[in-house]
Amino acid sequence: MADTSVPKAMEGLAISKTKELKGTEKRDTLVEIEKKYQLRWEEDKVFEVDAPSTEEFPLGSISADELREKFPKFFGTIAYPYMNGRLHAGHAFSFSKIEFHTGFARMQGKRCLFPLGYHCTGLPIKASADKLVKEVAMFGRDFEKYKEEDEEEAAPVAAKGPKEDLTKFNAKKGKAAAKTVKAKYQWQILHSVGIPMEEIHLFADPQYWLQFFPPECKKDLTNFGARIDWRRQFVTTDANPYYDAFVRWQMNRLKELNKIKFGKRYTIYSIKDGQPCMDHDRSEGEGVLPQEYTALKLKVLEWAPKAAEALKGKIPEDASVFLVPATLRPETMYGQVCCFVGPALTYGIFKASEKEYFVMTERGARNMAHQGIFEKEGVIEKAADVQGSDLIGTLVNAPLSFHPQVRVLPMDTVLATKGTGVVTSVPSDSPDDFAMVTELAKKADFYGIKKEWAELEIFPIIQTPTSDLLAPHLVKKLKISSPKDTKQLLEAKELAYKEGFYQGVLKVGDFKGEKVEIAKPKVREQLIKAGEAFAYSEPENKVVSRSGDECTVALMDQWYLDYGEDSWRAIAYDYVENKDGKGLNTWSPDTQHAFKGVVDWLRQWACARTYGLGSKLPWDHHFLVESLSDSTIYMAYYTIAHWLHSDLFGREKGKGNVGAEQMIDEVWDYVFCRTQLTDDIVNKSGIPRETLEGMRREFEYFYPLDLRVSGKDLIPNHLTFFLYNHIALFPREYWPKSVRANGHLQLNGEKMSKSTGNFMTLDDVVKKYGADAARVALADAGDGITDSNFVEDVADNTILRFYTNKEWIEETIKDEGLRTGELNSFQDALFDNEMNALVNEAKKQYEETSYKLALKAAHYDFLNARDSYREACTAAGIPLHKDLVLKYIRLQALILTPIAPHWAEYIWQEVLKEPTSIQFAKFPEVPAANLSLSAARDYVKTTASSINSAEGAQLKKMAKGKQSDFDPKKPKKLTIFITDSFPSWQAKYLDLLKEVWDPATNTQKIDDKTLNGQIGKMGEMKKAMPFVQALKKRLRDGEAADVVLNRKLAFDEKTILLAMIPGLKRTAGLESIQVVSVTEGSKKGNDLTSNGEEVDVTHPNAEGALPGQPSFVFTNV
C-alpha cells in the first residue's frame, strides 16, 4: 500500500494557497461529459491525421504546394516538455495556445497535425538519479533512516550575488529553472509531486524517469482534451534508436556545412580535479556560467613609496608591471580618473611572461592560469606580495583615458571574490565610482591621499536620454551621500548600466556617434589589438566542486555551433525581420524585437558535453549532444515518427516496417527533401522505394511548420537555435512560418511557486475544475508576451455558466410555446444581427490568436446577447423565436469548440442530434453584421443605461434639495426628448472632420495632435472634443463616412425608440412613456406616442437632446 503520510521534512511543501471549492455536483456532471467524449475521440481516432497518400497522388504527379492547396493543412507544435516531473499550469498555458489554434484550424477545413514528444536529453534526469543513488545509500531504500537533523548535512545551495552584467539575458523560468522545489533531498522533491515513498528508489535509474513520466504527461493532456496525434510520440536520447539516428544525421550534416566547429571556449574548471566542472560535479554553484570581461593593462609608471620598498629586488628592473582591472564596460574607459584597490586586501605580483608582471588577487591569477594569458599554461608564478594600502598613490597609465596618467586610490568595498581585486574608476558613468571619488576628495586627509588625486575632471563619455553625465545625475536624484548607501547605489548601478547600454551613444573616441551596444565590442577589440587589454573570464558566482575546490574558468577545446558566423546570421536576421512578408511571422512586435536582439548578440554555442543523457556525437563518442542542440529540428521528425516506430522507445516498428539501422544519413536527406531518390539509397538502406516516397510525402505535405508556440524565455536559446538550424538544413520553402511567444503564467495574481503553495499541476487544475473550465480560464488568462494570470475564480464561474447554459438549452429546445413564423423587426432582428456580429468577431480573434478576445465574443458576449434577447422578449410579452433559439444553440456550440470542445460536443450530439463529432464541423459562415442594426442595438443598450442614469441623477438632485417634484415611490412617467438635427455650433466641426478624413482608407489624414490643435483654435474645446471623438468612433466602427459626416443616423431613431417602449415600461416600472421630438430653439414639440400631436416643451432637459442621444425627465402621474 502506498505511503500517504507526510514526513515532517515535507510539511512545508504540503501547504496550498489555491482556492478551496465548495460543492462539486455541477463540475462532476460536466466532467462526466468530458470523459465520455475523450474516450470516444480516442476510439474514433479523431486526431490522427495523415498526408494524402502516394497511392492517391503519386509522388511527383503533383507539387507539394499544389497538394497543400488542394488539401489545406496546419502543423503546429509546442516545445516538448522535459520529463523530470508532471506538467504544471504554466506548461498548460503555452500548450493551450497551440491547442486553441489547432481547434480553429480544424474548423477551417484543414488537416491539422499536433504531435508531442518528450525531452529527456541533458543533465537534470541523470544528475537527479545520481543524487538518489547517494541518498538511498545514506537513508535506505525507502529512506527509513532519514532523520530531520540530517538536513544539516545537505548540500548547500549556491548563493547568487548581484547580477554583474545587466545586459545579459537570464531566463528566470526556463526549463532548467523550473526543475526545483525547496527541498533538501531529491527523494523529497519526488515525494512532493506524489511519488509513493516505496517507489522513489526506482528513480535512481535514469531510464526509469523515461518510463514513468511520459505516460503521465500523455494522461494529463488527454484529460485536458488535447487534439494530439499520439501515434507520433517519442522520447529523445539514444533510448530511442530512431531518434538517435535522426540526431546523428543532424550533427553530421551541420559539421559538413561547417556550422559545427572545434575550438577553444570558456568553461567552468577545477584546477584540483584537472577537468571541467559540469553542473553534476558541483557541491555549490549549479547553473553558474562563465562571465567574460575585458582586463585592462594599467602600466605602473611610478610606485608609491611603500610599494617600491616592498617590491625592491623582487621584480626584474627591465620588466613592465601592470595593474589589471577587469571591466564589463570597455566603452567607458575614456573616462578613467583613477584606479581603486582594497586597502585591506593582499595582492600578488604574478609573472605573465619574462617581461610582464600583473598585480591582482590570488583568485584572479588562478582564473587566468588556464586561459592562455600566462606564458606557461597552468603555471602560477608569484614574484611577491603587496598590501593594497601600500599601493595607494602609485601612478599608472590609463589606456584611452582623457587622463593618460592616474593614481591608485583606496576603495573599501573592493572584493577579493570578484574580478581581479583591481577596479578602474569611471565616475561619469558608474555611480559607485562617483560616490567614492567624491568621498575621497572631501576626506583626502582621512584616506591619506592628496586631494588633487581625486579631483581630476570628469568628462562626458556617453549621451543618454537622461544625461551625458549619468552617474552624477543618478547620485543626486537618489540622494546618495556616501559610498555606504549601498541600496541606492545598487539601484543607480542598474539604471545607469541599462540606460547606458541600450540607449547610450558614444560622444568620444574613434566610434563617436555610435550606439553603445554597437560600439562596445569595437572598443574592446581596439584595446586588445593595441596590447592594452586582454580577454578574461571567471565564474558568474562562486562554484565549488565536489572535491572541495573553488572552481575557475578555463579556455578549452570544445565542439560548438557557430551561430555568430556572418552569412548565417545575416540570413537569420533577414528572415526574422520579414520585410517582404515571406519571412517569420512573430505575431507581435515585441517578439520580433526580442528575436532580432538575440540574433544580433548570439555567438558560438557549445553543442556537446560529457555527462547526462543524449545521443553520442557521431565523430567523437566521448561527447554527447547537449539538450539545446538535439531539440532544434525535431518537428521534422514528427512528420514520419509513426512510420518509424509505434511506441515511445522505438522498440516496435511503425507503419513503414523500417529498422533504426536502415535510417542512414542519405535516407534522412531524401525524406527531408534535401536530395532526390536514387537506386543507391534504396539499395544501401534496404528500404522499399514506396516506403521512402511515403515518408517524404508526409514531410513535404506537413512542412513547413505553421506555428511554434513557446514561452518567451526560450527566445534567447531554443527558439533562435530552431530558426538557425532550419535555415542551415532545409530548403527555403520548409523554414518555419511563425513563432508565437507568450509570457509566463501567474496563478491568482501571484507568481507560481511550490515553496509558497501557490502552485498547481495540470492534473490538479483539471481534477479541480474539469477540462473545459480550465481551458476557458487559460484562454482568459491573456495572450501577449507579458505575463498572464490564471484566475481560479474564472474556472469556478465557468462551471456554473456551462452547467446553467446546458440546462437552459435542454429545457428551451423542448418548449412547445416558442414562436414561429417571420422574425420581427425589433427583438428578433437585433438578436439575429448581434449573433452574426459576434460570430465574425470571434472568427477574427481566433485568426489573430487573440484567445482572450475570442473567448469574450464566443462565450461572454454571446451569453449576454442571449440574455438581452430573453429580457427584451419577456418585456414585450412575446415568446422567444424558435429559429433564433436553434441558431443560438448551434452557433454557441460551434464558436466555442476551439476552447471548450467537450461542452460543445455534448450540445452538438446530445441536443442537436448531429451524427458526427463537432471536431469535424466547419466554423460557421454567417452574413456580415448589418451596420444599421448594430448601431440600433448599441442605441438600445446605451439608451436603456442612460435612462437608469437619468433617474439616478434626478434622485441625487432631490436628495440635495434641488428638486422636490418627483417621488420615485409614486407612479412615474418618463418623457424622452429626441431631435433630428444637430446644434448649429457643431457644423464647423463636421466640416473640419470632412476635410481631414479619408473615406477611401477610413483613416485620418493628419495626426491627432494636429487635429486637436485645430479644434482648440475654434473656441469650444470642452464640448467639441467629445463630439468629434464620438464621430470618429462611428467611422472607425465601420459606419459609412457619408452617413456619419452628413449627420445621418444609421437607423431610424423614432422607430427603434417606439419599439423600446413596452420593454422600458416593464423594466423601469413606468406608468407611461412620452416620446417628444424637438427642434433647436423652439418651445414646441411633437408627441410621437400620440400620432405627432403638438405639445409645449418647457423642461430644460429638452435642450440636451442630440440625434442618437436622447434626453430624459421623470415626473409623477
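These legends walk you through several close-up views of one predicted protein model.

A note before you start: this is a predicted model, in which local features need pLDDT of at least 70 and side-chain atom pairs count only at pLDDT 80 or more, while totals for chains, interfaces and linings use all residues. Residues are numbered from 1 along each chain as its sequence is written, and side-chain values use heavy atoms, with hydrogens and water left out.

**View 1. The protein chain as a whole.** Let's begin with the overall picture. The protein chain has 36 helices and 37 strands; helices (H or I, at least four residues) and strands (E, at least two) are DSSP runs, numbered from the N terminus. Its C-alpha atoms fill a box of roughly 120 × 80 × 65 Å, taken along the principal axes. Of the 1117 residues, 55% are buried; buried means under 20% relative accessible area, exposed over 50%, and partly exposed in between (1.4 Å probe, protein chains only).

**View 2. Confidence along the protein chain.** The predictor's confidence in each residue is called pLDDT and runs from 0 to 100. Its average here is 90, and 94% of the residues score at least 70. Look with care at residues 1-15, where pLDDT stays under 50 and the model has 23 contacts beyond four places in sequence; a contact means heavy atoms within 4.5 Å. Residues 166-181 also have pLDDT under 50, with 31 contacts beyond four places in sequence.

**View 3. Two nonpolar cores.** A nonpolar core is a set of buried Ala, Val, Leu, Ile, Met, Phe, Trp, Tyr and Cys residues joined through side-chain atoms within 4.5 Å. The largest one here has 120 residues, and Leu-132, Trp-187, Phe-203 and Trp-209 are among those with the most contacts inside it. Helix α28 (residues 851-876) gives this core its largest share, eleven residues. Apart from it lies another core, of 84 residues, including Met-251 and Leu-719. In soluble globular proteins, nonpolar side chains tend to be buried together.

**View 4. Phe-203 and its neighbours.** Not counting residues up to four places away in sequence, Phe-203 touches several residues, among them Ala-129, Leu-132, Ile-195 and Trp-209.

**View 5. Asp-783 in its loop.** You will find Asp-783 in the loop between α25 (771-780) and β30 (788-790). Asp-783 counts as buried because its relative accessibility is 16%. Its side chain makes a polar contact of 2.9 Å with the side chain of Lys-97. A polar contact is a pair of N or O atoms within 3.5 Å; within protein, one must be able to donate a hydrogen and the other to accept it, and residues adjacent in sequence count only if both atoms are side-chain atoms. Beyond four places in sequence, Asp-783 also touches residues including Arg-740, Thr-849 and Tyr-851.

**View 6. Gln-371 in its loop.** Gln-371 sits in the loop between α10 (362-368) and β13 (382-387). With a relative accessible area of 5%, Gln-371 is buried. The side chain of Gln-371 reaches the backbone oxygen of Asn-367 at 2.8 Å. Among the residues that Gln-371 touches beyond four places in sequence are Tyr-266, Tyr-536 and Val-553.

**View 7. An open sheet of three strands.** The strand order is β23-β25-β24, with antiparallel pairing; two strands pair if DSSP finds at least two bridges between them. β23 (608-609) and β24 (616-617) stand at the edges with a single partner strand each, so one side of each has no neighbour in the sheet. Two bridges join β24 to β25 (residues 620-625) in the antiparallel sense, and Lys-616 stands opposite Leu-624 in β25.
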